[in-house]
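Please look through the structure below before reading on.

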Protein chains: 2
Amino acid sequence: MKFEVTILGSSSATPVYNRNPTAQLLNCNEKFYLIDCGEGTQQQLIKYGFKASKIDYVFISHLHGDHYFGLIGLLSSLHLNGRVKPIKIFAPEPLQEILALQFKYSETVIRYPIEFVATQTNEPVQIFENADLVVDTFVLNHRIPCTGFKFTQKKRLRKLIVDKLESEHIDIEYYPLLKRGVDLNLPDGRIILNKDYTTDSDTPKKYGYCSDTLFDERYFGSITDCDLLYHEATFLHDMLDRANVTHHTTALQAGEIAKMTGAVKLLIGHFSSRYKTLQGLLDEARSVFENTELAIEGNTYTI
Amino acid sequence: MKFEVTILGSSSATPVYNRNPTAQLLNCNEKFYLIDCGEGTQQQLIKYGFKASKIDYVFISHLHGDHYFGLIGLLSSLHLNGRVKPIKIFAPEPLQEILALQFKYSETVIRYPIEFVATQTNEPVQIFENADLVVDTFVLNHRIPCTGFKFTQKKRLRKLIVDKLESEHIDIEYYPLLKRGVDLNLPDGRIILNKDYTTDSDTPKKYGYCSDTLFDERYFGSITDCDLLYHEATFLHDMLDRANVTHHTTALQAGEIAKMTGAVKLLIGHFSSRYKTLQGLLDEARSVFENTELAIEGNTYTI
């Protein structure tokens with residue numbers, strides 16, 4: 001099952017050096033989840049060959065513009081392009097008022113349902129579940145209320161050993177039960193032990209998304225053992241004072257967080273406009289946590 | 001004196017085929033005026049090598065998102081990049097409320113003064129004047145209140161025939177008076193007739209900007225004799241019904257308007273996403289008005 005994330009924006013605050021404000025597209029089993037939506041996200045989707053129409057869920061971490069100014073344009077374009085299926089937005093509550101005001105003055109009545117779910121920013125909470133995925137929020141420490149997201153694959157069904165089942169002429173009507181781990185007493189008297197006819201499913205994977213935050217141990221418990229941990233790394237560590245004032249993280253700290261929380265792989269982004277090239281940030285994170293990559297726009301990372 | 005306009009966005013409604021929503025940058029004597037500001041305008045400014053910091057005036061025609069969704073991001077970036085000098089925005093009144101709401105929830109207190117001037121949409125009115133330029137609004141006929149803008153160069157000073165003035169040892173302290181057309185009786189008894197020592201200034205040029213509108217003779221009087229007339233041409237004329245329903249103009253009509261109003265040159269833009277290539281629109285406008293060009297992003301047009 002596909003579980004991967006494509007970077008659409010990697011810049012902090014302002015677009016610069018061909019880097020755009022934050023947005024990511026999560027593909028879980030060919031369902032598409034947009035995480036943050038900075039200005040120009042719809043142009044970035046087009047640039048990298050994605051259809052905005054496939055997005056059914058949007059997660060906005062907080063209401064600094066570089067994380068949501070592209071949403072109103074994206075929603076408007078979906079409307080103009082004839083969307084009828086609903087979209088669900090998880091975001092801080094005031095976003096609903098902001099969107100409504102802009103629709104009001106453009107006299108736009110959106111043709112598709114927008115279901116708005118206010119994220120709450122006081123404690124971690126599960127906000128979403130479908131057949132593929134569970135999404136939990138957690139509380140980041142930023143200048144304004146800010147939510148991190150953890151995307152966890154659902155436990156998959158067991159895998160059938162089809163050759164064996166076929167050679168022993170076990171009817172396919174039993175397959176769904178076997179996938180669910182059931183042992184069977186067949187009418188002909190055979191006893192089918194599940195462990196002999198199935199193998200374990202793939203281990204569910206976890207993607208942690210920490211957009212804008214101060215290094216703060218209180219959220220580390222929410223991002224343990226991520227297969228891929230995205231963490232902002234706005235500054236090099238020589239700018240720690242600036243990171244503290246602006247409630248951001250350094251590349252070194254991002255590496256430390258990945259190590260402390262047991263991540264398999266770290267993806268750093270939200271790069272300050274002061275860095276024209278990013279190798280220094282990568283080197284710094286890798287000095288603590290080797291398996292680190294830069295969030296490069298257009299690149300897709302398997303989770 | 002430089003008087004030219006650069007196209008930053010040429011698409012109607014939604015970005016597509018590498019075309020972005022409407023924005024134009026007017027350069028008059030190295031002062032910069034932004035006309036409309038669709039999503040991604042700040043990225044387009046960077047792409048084409050312009051400094052957003054040089055923009056002191058913004059003119060927004062109406063509150064459909066493809067004409068203003070980029071403004072909040074641009075203003076935020078100017079703030080983050082340390083701007084202190086004021087910016088003046090001419091726009092429909094509700095834009096102020098929209099901007100204020102977004103600044104409120106991001107807890108942003110903009111460090112530079114934003115002077116907001118509500119455009120009025122019932123009748124033509126002069127809204128701006130400085131040493132270089134006069135700007136008048138006029139009423140377009142769109143689905144929501146929409147303002148066109150006419151940018152007229154100020155009458156320039158007369159040009160001195162410097163060789164002649166120098167050879168006759170006329171003191172430079174008289175030059176400013178001569179530039180203003182004054183005849184002089186010098187203390188030494190010489191009579192200096194202005195017409196013998198100066199030539200006419202360049203004729204002031206006019207740029208007309210008609211963003212989104214139905215073909216409607218009522219505004220034609222406001223755009224007579226433009227040296228460059230920008231007019232939307234969203235559709236080919238075989239889509240006239242659609243143009244009428246959506247309050248837009250066809251390429252053929254744009255050509256007719258240029259002809260009827262005595263434009264020197266016509267620039268067409270705001271192309272519908274149904275047109276991957278634009279030659280058909282250009283051919284159609286040229287069939288009525290030969291001196292037509294397409295508004296191509298990144299291109300600069302002398303007025």
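Which residues does A:Asp212 touch, not counting residues up to four places away in sequence? With contact meaning heavy atoms within 4.5 Å, A:Asp212 touches A:His62, A:His67, A:Leu140, A:His142, A:Cys146, A:Glu232, A:His247, A:His248 and A:His270. The model is predicted: local features need pLDDT of at least 70, side-chain atom pairs count only at pLDDT 80 or more, and totals for chains, interfaces and linings use all residues. Residues are numbered from 1 along each chain as its sequence is written, chains are lettered from A and ligands numbered from 1 in the order in which they are written, and side-chain values use heavy atoms, with hydrogens and water left out.

A:Asp212 is buried, at a relative accessible area of 1%; buried means under 20%, exposed over 50% and partly exposed in between, with a 1.4 Å probe and protein chains only. The loop that holds A:Asp212 runs between β14 (206-210) and β15 of chain A. In an unreviewed UniProt entry, the annotation "binding site" covers A:Asp66, A:His67, A:Asp212 and A:His270. These residues span 205 residues in sequence, but no two of their C-alpha atoms are more than 10.6 Å apart, so they gather at one spot. Such annotations may be inferred rather than shown by experiment.

Strands β14 and β15 belong to an open sheet of 7 strands in chain A, in the order β7-β8-β9-β14-β15-β16-β17 with mixed pairing. Strands here are DSSP runs (E, at least two residues), as are helices (H or I, at least four), and two strands pair if DSSP finds at least two bridges between them. The edge strands of chain A, β7 (125-129) and β17 (292-294), each pair on one side only. Strands β8 (residues 133-139) and β9 (residues 147-153) of chain A are antiparallel and share 7 bridges; in β9(A), A:Phe151 is the bridge partner of A:Val135. Helix α8 (residues 251-260) of chain A packs on the sheet and touches β15 (228-232) and β16 (265-269) of chain A.

The domain assignment, automatic or from a database, divides chain A into domain 1 (3-156 + 202-302) and domain 2 (159-199).

Terms used
Axes fitted to C-alpha atoms, helices over the stretch in contact; angles between N-to-C directions.
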